[in-house]
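Have the sequence and the 3D view open as you read.

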Amino acid sequence: MTTAAALRHLVLILHLLTTITAAAPILGLDSLLSRQSHLDPQATNDTFLSLSSSLKKSLSLSSPTTPSPSSFLSSLHLSVPITVKLVGPTFHSTSTTQLNTLLTAAISSDNFHVITPFTHTHHTLSLRHSLHLDVSLSPSSLSTTLTESLKSEISKTPSSLRSPLISVPYSVIDQIVKLDFEKEKPVQGVYIYLLNLGTQSKPYAYNYGYGDSSPAFTKCMGSIWTGRDRYLWIDLAAGPVDYGPALSGDGVLPKGEFHPLAALHGRPKSQKALLADLASLIWSAYQVLLVPSLRIPVPFENQLIVQIVHIHGSDSKNLNDLDLKSIERTFMDEVKDGGLLLGDQSLKFKTYKVDLAECSICSFAISRATTSYTSRYLFDNYTLIVSEYLDSKRLHQTLSESAEEFRRVAELPEEDFGRVLPVYVFDLDLNTILLLDRYHQSVAFKDMVIAVRTKNTQTVSDYMCNGRHVFTQTRELERPLVGSILQSMWGVSPTHLLWSPRHNSTLVDYTWSVGQTPFGPFSEISSLSFVQKDAAKRNVLLTSLNYSVTSAIDVLESIAAHGGDRKLLKQNKHAEFIQRWNLFKYKLDKSVSALSHFDFERALYYLRSSDHDLYAIHSLVYQASQGVEASLVCFKDPPFPWASVSMFGGVCFVLFYAYSQREKLFVNKRKQF
């Protein structure tokens, strides 16, 4: 396309958008849509057909504001309300204003992102998001209660021989914070409690399970907790703790004073420097926990089916110590509490067992995916050790190419409707360590989950926490499988991954990978916090919303290619198009507004209802474009140029005559002498 053609194309789109009404409050439309949402919660009926003539007339009126193509996308803006509560006597009334100023100056709106899109070039979604912040001081009674409970727990807990930190159960603080959060209900947003309870008699950190660390089991402690409801708390005085890659890698949380979680440790800081660190901490929590990147796009499906295929060896122990029911309970308990699913969605788990000895394709897949690597260790001298691992991508390729054979061997039924996620669990009769890609027990793909374990019970991982290496219990697959199913079925990103458009790559940060999260090597908890539950629903809505916006843009470009809406559509069709378009835009804005208030069900209704209008718009444009007929315009022939032809003939005649009489006109002078 030439530059001039591109400019004309853009002008036509601009002209088209100038004729389209921006979504604005329309008297009576809200009540009608609200009534329809109760009568038809699945939005199976087209609400446009039930509009009165007065409402259609209101939808036909042009708006004085004129959106541009860029504002068409940016107008869909999700505001995320966050309330930050400063708890502790060291915070003053000026702290709220300063923290608010720092965050307002540093934060700008951004788009939602996808780590692994279906098309490898587009990591950005159409919807933008921004932080709506409210900072307040908590009452002194909350600080006093927390301090007394913490001091009481520290005083009765003996010091550990393996760690300089006193291990305090997180529940000591969480039950008090949760009660304060319950008093704030109903809440519209997420609460972040920043605790500064002062220096205690002994350094401490929070444990998230039962028991203490031992030479064979590593218990990672931290200073944060994310609740099942929409709140999280951070104890700034706890620690300092450190966790992350042990040898090399990104995302480590260091023990020094430079990480915001260790802002109160080390050299004394001014109030402004401390608040700057807290602003950085809130911004990190906002990006990773509140508006996380999508792992993959997640289209809406009514039926979600998880097919767990347990491929086991001859050892009967492999059949008994893998608790697949606990994986199902983790998800079904959330479903009963109203989490994970939207609208009329349903979730089913089905388990199938396959004997490895009777599955030749299974043995072939493992054999083909097995590869090796060398490691250099210093014993008496440097020694090279060869170890094996499974290449997850090669295993995924084999399973994809032989899907029908696996279906036949495992006797998997054909599912006519819904989204089916196969989960292949390889239980191998090997006494050696065999992990996926050297480090993982389970790996999530867009279309399946693969997990593996052997008879070996544990191994030393390449991660450390609080100065000690983290031991991986290789026989325990339940928690890794929960995390992988969340990624593949709902597109929930791990709490240590974030897509960065500035780096054009995925960033790794383990700051939020302790506590209540099914991801990462530093936690043992399989239950879900509000971070995962909200992300599961929001990801489905973001995917649908992005499809609606991009599809609408395609329609606008198609109209512009045909010369504009007034030229393409006849008068009666043009009026219906304007009405449909304004209703479509109105519903999208209502859906985004519901998302901002975490009302996922209402957001789903408006998105489903807008699909009727989008389909009608497509139909109108398609029918109009099919009716366009090519026409031939005949021009009158110009008059014959007699003057020019006569002049040309005259010149030719003179030249011909001169040439024929050249002997008479040019006589040889020499013949005269």
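## Around strand β16

Val425 has Ala451 of β16 as its bridge partner. That pairing belongs to a set of five bridges between β14 (residues 419-427) and β16, two strands that run parallel. Please keep in mind as you look around that this is a predicted model. Ala451 has a bridge partner in another strand too: Ser442 pairs with Ala451. Here the strands are β15 (residues 442-444) and β16, joined antiparallel by three bridges, and a hairpin of four residues leads from β15 to β16.

How well is β16 covered? Five of the five residues in β16 (residues 449-453) are buried. On one side these are Val449, Ala451 and Arg453, and on the other Ile450 and Val452, so with each of them under 20% relative accessible area, both faces are covered.

## A second sheet region to visit

Further along, β17 (residues 458-465) pairs with two strands described here. Three bridges connect β17 to β9 (residues 243-245) in an antiparallel arrangement, and Tyr243 is found opposite Cys465.

## The nonpolar cores

Which residues have the most contacts inside the largest nonpolar core? They are Val84, Leu99 and Tyr193, in a core of 111 residues. If you click on Leu99 and ignore neighbours within four places in sequence, you will find contacts with Val84, Leu86, Val135, Leu275, Leu278, Ala279 and Ile282. A separate second core holds 28 residues, among them Leu421, Ala451, Leu486 and Leu528.

## The chain as a whole

Stepping back, the chain contains 20 helices and 20 strands. Of its 673 residues, 48% are buried. Among contacts with a separation of 6 or more, 76% are between residues 24 or more positions apart. The chain exposes about 33500 Å², with carbon and sulfur atoms supplying 55% of that area.

One place to look on the outside is a nonpolar surface patch formed by Met647, Val651 and Leu655, which together have about 340 Å² of accessible area. Met647 sits in helix α19 (residues 642-660). Is Met647 buried or exposed? Its relative accessible area is 62%, so Met647 counts as exposed.

## Salt bridges

Side chains of opposite charge can pair when their charged atoms come close. The count for this model is 27 salt bridges. One of them joins Arg580 and Asp46, at 2.7 Å from N to O. This pair ties together distant parts of the chain, 534 residues apart: Arg580 lies in helix α17 (residues 571-596), and Asp46 in the loop between α2 (29-39) and α3 (53-60). Arg580 is buried at 5% relative accessibility, and Asp46 is buried as well at 17%. Both belong to a salt-bridge network that also includes Lys587 and Asp613.

Glu153 is buried at 14% relative accessibility, whereas Lys156 is exposed at 59%. Arg602 and Asp599 also form a salt bridge, at 3.6 Å from N to O; Arg602 is partly exposed at 29%, and Asp599 is partly exposed at 32%.

Conventions:
Residues are numbered from 1 along each chain as its sequence is written. This is a predicted model: local features need pLDDT of at least 70, side-chain atom pairs count only at pLDDT 80 or more; totals for chains, interfaces and linings use all residues. Side-chain values use heavy atoms; hydrogens and water are left out. A nonpolar core is a set of buried Ala, Val, Leu, Ile, Met, Phe, Trp, Tyr and Cys residues joined through side-chain atoms within 4.5 Å. Buried means under 20% relative accessible area, exposed over 50%, partly exposed in between (1.4 Å probe, protein chains only). Contact means heavy atoms within 4.5 Å. Two strands pair if DSSP finds at least two bridges between them. Accessible areas come from the Shrake-Rupley method with a 1.4 Å probe; for residues, only the protein chains shown count as cover. Patches are made of residues with over 30% relative accessible area and no salt bridge: like charges are joined within 9 Å, nonpolar side chains (Val, Leu, Ile, Met, Phe, Trp, Tyr) within 5 Å. A salt bridge is a side-chain nitrogen of Lys or Arg within 4 Å of a carboxyl oxygen of Asp or Glu.
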